[in-house]
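Me: I would like to learn how to read helix packing in a model like this one. Could you take me through it step by step?

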Amino acid sequence: MDDAHRSGCPINLTLEVLGDRWSLIVIRDIMFGNRRHFRELLQNSQERIASNILADRLRRLVDRGLLTRQDDPSHKQKAIYSLTEMAIQLVPIFAHMGAWGRRHLPVSEELSIRAELLETGGAELWEDFMDELRAKHLGKTLPAGTPSVLGRLTEAYLDVVERKTKSA
């Protein structure tokens with residue numbers, strides 16, 4: 001066995017990459033929040049990630065091949081983070097985690113609506129979402145008129161927030 005890893009178990013190896021407190025949250029925010037810049041990730045973090053932790057996780061995720069980092073052509077001091085195919089293939093895992101959390105934990109309606117839609121949409125919706133992420137992050141093309149899964153998830157979230165704001 002490679003001394004760099006505790007074992008060759010696929011679950012162990014996955015946890016060595018994604019098992020810390022913040023890595024999946026950073027990927028989630030890029031994937032579902034379309035946050036591609038450091039400042040967006042920092043300022044819009046629901047969980048209030050510290051800037052030094054965010055910088056460390058971004059660096060680790062780039063080093064591990066889950067994200068790429070490119071200079072932003074619109075601003076010399078900014079970088080754009082993109083999901084790689086490896087990260088995009090986490091969509092079904094996020095869907096299952098969200099479904100499990102909805103079943104067993106005290107989730108909020110507005111923050112669980114996307115998980116509900118992913119769960120009820122199943123594998124077909126996950127594949128459509130992964131294709132959309134490939135277009136956005138990897139430059140693949142989608143057929144003209146392809147509906148946006150991210151748009152649908154975002155709209156559902158905003159509808160719940162608006163409804164809750166009106167009833168408050």
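Reply: Let us begin with how a crossing angle is defined: axes are lines fitted to C-alpha atoms, for helices over the stretch in contact, and the angles run from 0 to 180 degrees between N-to-C directions. Please keep in mind throughout that this is a predicted model.

Me: At what angle do the axes of α6 and α7 cross, and within what distance do they come?

Reply: The axes of α6 and α7 cross at roughly 175° and come within 8 Å. Angles over 145 degrees count as roughly antiparallel, and that makes α6 roughly antiparallel to α7. On the α6 side the residues that meet α7 include Val91, Pro92, Ala95 and Ala99, and among their counterparts in α7 are Ala115, Leu118, Trp126, Phe129 and Leu133. By class, the residues of this contact of α6 with α7 divide into 10 nonpolar, three polar and four charged.

Me: How is α2 oriented towards α7, and which residues make the contact?

Reply: Angles of 65 to 115 degrees count as roughly perpendicular. The axes of helix α2 (residues 23-33) and helix α7 (residues 109-138) cross at roughly 85° and come within 11 Å, and the two helices are therefore roughly perpendicular to each other. Ile30, Met31 and Phe32 of α2 make the contact with Arg114, Leu118, Phe129, Leu133 and His137 of α7, a set with six nonpolar, one polar and one charged residues.

Me: What does α2 do with α4?

Reply: Helix α2 packs with helix α4 (residues 51-63) at an angle of about 80°, the axes being 10 Å apart, and α2 and α4 are therefore roughly perpendicular to each other. Here Ser23, Val26 and Ile27 of α2 touch Leu54, Arg57, Leu58 and Leu61 of α4, and the residues involved comprise five nonpolar, one polar and one charged.

Me: How many aromatic pairs does a search of the whole structure find?

Reply: The search finds two aromatic pairs. One of them is formed by Phe32 and Phe94, which are edge-to-face, with 5.8 Å centre to centre and 80° between the planes. This pair links distant parts of the chain, since Phe32 lies in helix α2 and Phe94 in helix α6 (residues 91-104), 62 residues apart.

How values were computed
Residues are numbered from 1 along each chain as its sequence is written. This is a predicted model: local features need pLDDT of at least 70, side-chain atom pairs count only at pLDDT 80 or more; totals for chains, interfaces and linings use all residues. Side-chain values use heavy atoms; hydrogens and water are left out. Helices (H or I, at least four residues) and strands (E, at least two) are DSSP runs, numbered from the N terminus. Angles under 35 degrees count as roughly parallel, over 145 as roughly antiparallel, 65 to 115 as roughly perpendicular and the rest as oblique. Contact means heavy atoms within 4.5 Å. Ala, Val, Leu, Ile, Met, Phe, Trp, Tyr, Cys and Pro count as nonpolar, Asp, Glu, Lys and Arg as charged, and the others, Gly among them, as polar. Rings of Phe, Tyr and Trp (its six-membered ring) pair if their centres lie within 6.5 Å; planes under 30 degrees apart count as stacked, over 60 as edge-to-face and the rest as tilted.
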